[in-house]
Amino acid sequence: MVRQITQRELRNDTPNIMRAVEEGDSFVLTRNGTPVADIVPHSQKPTFVPFGELIELLGDLPPEDPERFFADVDRAADPDPHRGPGEPEQ
């Protein structure tokens, strides 16, 4: 659960708030009752998958037919955003 704290609480109780953040707690910092910032734990997990690991993960997938793939993409996303609904492709 995210707890709201005031600017004054942050100033007066920084060590305890930082300890709570290190333990996984999150806070919304407010000033005059208005939220101004989120104080959240820093993620220790990498935000990317190394290339070699990605190749290993993808290696187990069945082969994909490129024509079928792009036909599926075209059905899901309109390739011409300026065409009106129901208008044929030009």
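I took helices (H or I, at least four residues) and strands (E, at least two) as DSSP runs, numbered from the N terminus.

**Entry 1. Basis and overall layout.** I noted that this is a predicted model, in which local features need pLDDT of at least 70 and side-chain atom pairs count only at pLDDT 80 or more, while totals for chains, interfaces and linings use all residues. Residues are numbered from 1 along each chain as its sequence is written, and side-chain values use heavy atoms, with hydrogens and water left out. I read the order of elements along the protein chain as β-α-α-β-β-α-α. That chain has four helices and three strands.

**Entry 2. Strand pairing.** I counted two strands as paired if DSSP finds at least two bridges between them. Strand β1 (residues 3–6) runs parallel to β2, and four bridges join them. On this side, I found R3 opposite F27 in β2. β2 also pairs with β3, in the antiparallel sense, over five bridges. There, F27 stands opposite I39 in β3, and L29 has A37 of β3 as its bridge partner. I then looked up the hairpin of β2 and β3: two residues lie between the strands, and N32 takes a positive phi near 55 degrees.

**Entry 3. Burial.** I used relative accessible area with a 1.4 Å probe and protein chains only: buried is under 20%, exposed is over 50%, and partly exposed is in between. Of the 90 residues in the protein chain, 13% are buried. Why is strand β2 (residues 27–31) largely enclosed by the rest of the structure? I found that four of its five residues are buried, so the strand is largely enclosed.

**Entry 4. Contacts and surface.** With contact meaning heavy atoms within 4.5 Å, I looked at contacts in the protein chain with a separation of 6 or more; residues 24 or more positions apart account for 28% of them. Accessible areas come from the Shrake-Rupley method with a 1.4 Å probe, and for residues only the protein chains shown count as cover. The protein chain exposes about 8,200 Å², of which carbon and sulfur atoms supply 55%.

**Entry 5. V49.** I located V49 in the loop between β3 (34–39) and α3 (51–58). V49 is partly exposed, at a relative accessible area of 45%.
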